[in-house]
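Subject: The structure I promised you

Hi,

Here is the structure I said I would pass on. Have a look at it first, then read my notes below.

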Amino acid sequence: MISFIIPAYNEEGVIQSTIVAVMKVGRAIGGSFEVLVVDDNSSDQTGKIAEQCGARVVHVTHRQIAATRNTGAKEAKGDLFVFVDADTLVNEAVVRDAVEAIRGGAIGGGCLFKFDGKVPWLARLTVSLTMLVGRWKTLCGGCFMFVTRKAFEELGGFDEKMYAGEELGLCQGLKRLGPFVLLKRYVTTSGRKVRTYSSLELMWFVIRLLFKGTGMVAHKKTLKDKDIWSVVKYIRTELCKGCS
């Protein structure tokens, strides 16, 4: 069975489209599947809408994405977990490729994404850089990830000590356990992810991720440094490490 796990917080505007897309894919692929929405203390109608769409809803009060994802995995009944963000539209091709990858021996994987709507050109450039880093490092975001139950449980799930970027930590851990694949397909996710932050903030995040790795997102304070001079000093320090 495939368990589609959707963490959600105040997503009443998009959750229906996400669930409908998942349901359509599940029926097209065939076999047993379930759609599980983990409603993390939403103050809107997210949970109610999810139930009306046929999803099984679990209510939690974590307010921490890694813990919310982990609760979904604990409640899931399937032997393959597919984590989908509440503002992401999956398609039949990407899920079929994920299933084929698992049948081919992979223990997990993910894919890159495309944004809906318009985003600033500098943000598009920043996202393109993020995609290159993802391909190079075999990393993916949390909007679409898949992993076998066995591998997920062996790894201990998402690291709940991480404030953000828990999906990157899971990628690294899975790569140490066995074959982890980055699919060539894309999913579509909300452009609000880049419209919420300035291009400078996004570029700074990618630069630090490239040089420092996933540890940089373990705490809130490491995500709030926006000063441009700190970017210059950081790059200079990292590039000069080991210089005589």
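Before anything else, one term: a polar contact is a pair of N or O atoms within 3.5 Å, and within protein one of them must be able to donate a hydrogen and the other to accept it. You can find a pair at the start of helix α3, where a side-chain oxygen of Q64 comes within 3.2 Å of the backbone nitrogen of A66. Keep in mind that this is a predicted model.

Now the overall picture. The chain has ten helices and eight strands. It has 244 residues, and 50% of them are buried. Its accessible surface is about 12200 Å², with 54% of that belonging to carbon and sulfur atoms. If you take the contacts between residues at least 6 apart in sequence, 77% of them join residues at least 24 apart.

Back to helix α3, which covers residues 65–75. How many of its eleven residues are buried? The count is eight, so the helix is mostly covered. The buried ones are A66, A67, T68, R69, N70, T71, G72 and A73. What lies over them includes the strands β1 (2–8), β2 (33–40), β3 (56–60) and β4 (80–84), along with helices α6 and α7 (166–177).

Strand β4 deserves a look of its own. Five of its five residues are buried, so β4 is largely enclosed by the rest of the structure.

Which strands does β4 pair with? One is β1, which runs parallel to β4 and is joined to it by four bridges. There, I2 has L80 as its bridge partner. Another is β7 (residues 144–148), which runs antiparallel to β4 and is joined to it by five bridges. On that side, L80 stands opposite T148.

Next, the nonpolar core. The largest one has 62 residues, and the members that touch the most others are I6, I15, I19, V37, F83 and F144.

Helix α6 (residues 149–155) is where you will find A151. Is A151 buried or exposed? Its relative accessibility is 5%, so A151 counts as buried. Setting aside neighbours within four places in sequence, A151 is in contact with I107, L174 and L177. A151 and L174 are 23 residues apart in sequence, yet their C-alpha atoms are 7.3 Å apart in space.

Last, the cysteines. A disulfide is a covalent bond between the sulfur atoms of two cysteines. How many disulfides does the chain have? The count is zero. Take C143 as an example: the closest cysteine sulfur, in C111, is 6.0 Å from its own sulfur, which is too far for a bond, because the two sulfur atoms would have to be within 2.5 Å. C143 is buried, with a relative accessible area of 4%. C171 is buried as well, at 0%.

Happy browsing!

Definitions and conventions:
Residues are numbered from 1 along each chain as its sequence is written. This is a predicted model: local features need pLDDT of at least 70, side-chain atom pairs count only at pLDDT 80 or more; totals for chains, interfaces and linings use all residues. Side-chain values use heavy atoms; hydrogens and water are left out. Helices (H or I, at least four residues) and strands (E, at least two) are DSSP runs, numbered from the N terminus. Buried means under 20% relative accessible area, exposed over 50%, partly exposed in between (1.4 Å probe, protein chains only). Contact means heavy atoms within 4.5 Å. Accessible areas come from the Shrake-Rupley method with a 1.4 Å probe; for residues, only the protein chains shown count as cover. A nonpolar core is a set of buried Ala, Val, Leu, Ile, Met, Phe, Trp, Tyr and Cys residues joined through side-chain atoms within 4.5 Å. Two strands pair if DSSP finds at least two bridges between them.
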